[in-house]
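Hi,

Here is the structure I said I would pass on. Have a look at it, and my notes follow below.

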Amino acid sequence: MPTRRIFLHGLVAAPLPLFSGALKARAQAASGRFTGASGHATTGTGGIVAQDGVNYVSLAEDFRFDGAPDPKVALGRNGYDPATLLGPLKSDTGAQSYRIPDSIDPAAYNEIWIWCEQFNVPLGSAKLNR
């Protein structure tokens, strides 16, 4: 029988579902498809979702990135904004989510960026449709 601790751990460890029916209907604010940059292949779907009053960048199960040093996830408005770095890319493939701090208004941004901070170059971006 699952314990409360195991259940809560599963909630924390599991990525937010980007396009599940219930979440999509209630909380999907924007989504878009990734395209690569700087000679890198970056594909799949990403979006901004809200759950229980907290905003997240969520990369869907179809997300794929060909790899590079120091990839980070960030937001942008018609270009990358270094003030919005959300953290290192957790995996080159698959579903993953990144909490957007309360100090950042996700409605002010129209792109998700995968950015190489070490070399200061874009690796891919997704233009968000609201």
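Buried residues (under 20% relative accessible area with a 1.4 Å probe, protein chains only) make up 42% of the 130 residues in the protein chain. Before you go further: this is a predicted model, with local features needing pLDDT of at least 70 and side-chain atom pairs counting only at pLDDT 80 or more, while totals for chains, interfaces and linings use all residues. Numbering starts from 1 along each chain as its sequence is written, and side-chain values use heavy atoms, with hydrogens and water left out.

On the fold: the chain has two helices and 10 strands, taken as DSSP runs (H or I, at least four residues, for helices; E, at least two, for strands) and numbered from the N terminus. Along the sequence the pattern reads α-α-β-β-β-β-β-β-β-β-β-β.

Eight of the strands form an open, antiparallel sheet in the order 7-6-9-10-1-3-4-8; pairing here means that DSSP finds at least two bridges between two strands. Strand 7 (87-88) and strand 8 (96-99) are at the edges with a single partner strand each, so one side of each has no neighbour in the sheet. Further in, strand 1 (residues 28-36) pairs with strand 3 (residues 45-51) in the antiparallel sense over five bridges, and Ala30 stands opposite Ile48 in strand 3.

Gln96 counts as buried because its relative accessibility is 3%. A polar atom of the Gln96 side chain lies 3.2 Å from the backbone nitrogen of Lys90.

Cheers

Notes
Buried means under 20% relative accessible area, exposed over 50%, partly exposed in between (1.4 Å probe, protein chains only). A polar contact is a pair of N or O atoms within 3.5 Å; within protein, one must be able to donate a hydrogen and the other to accept it, and residues adjacent in sequence count only if both atoms are side-chain atoms.
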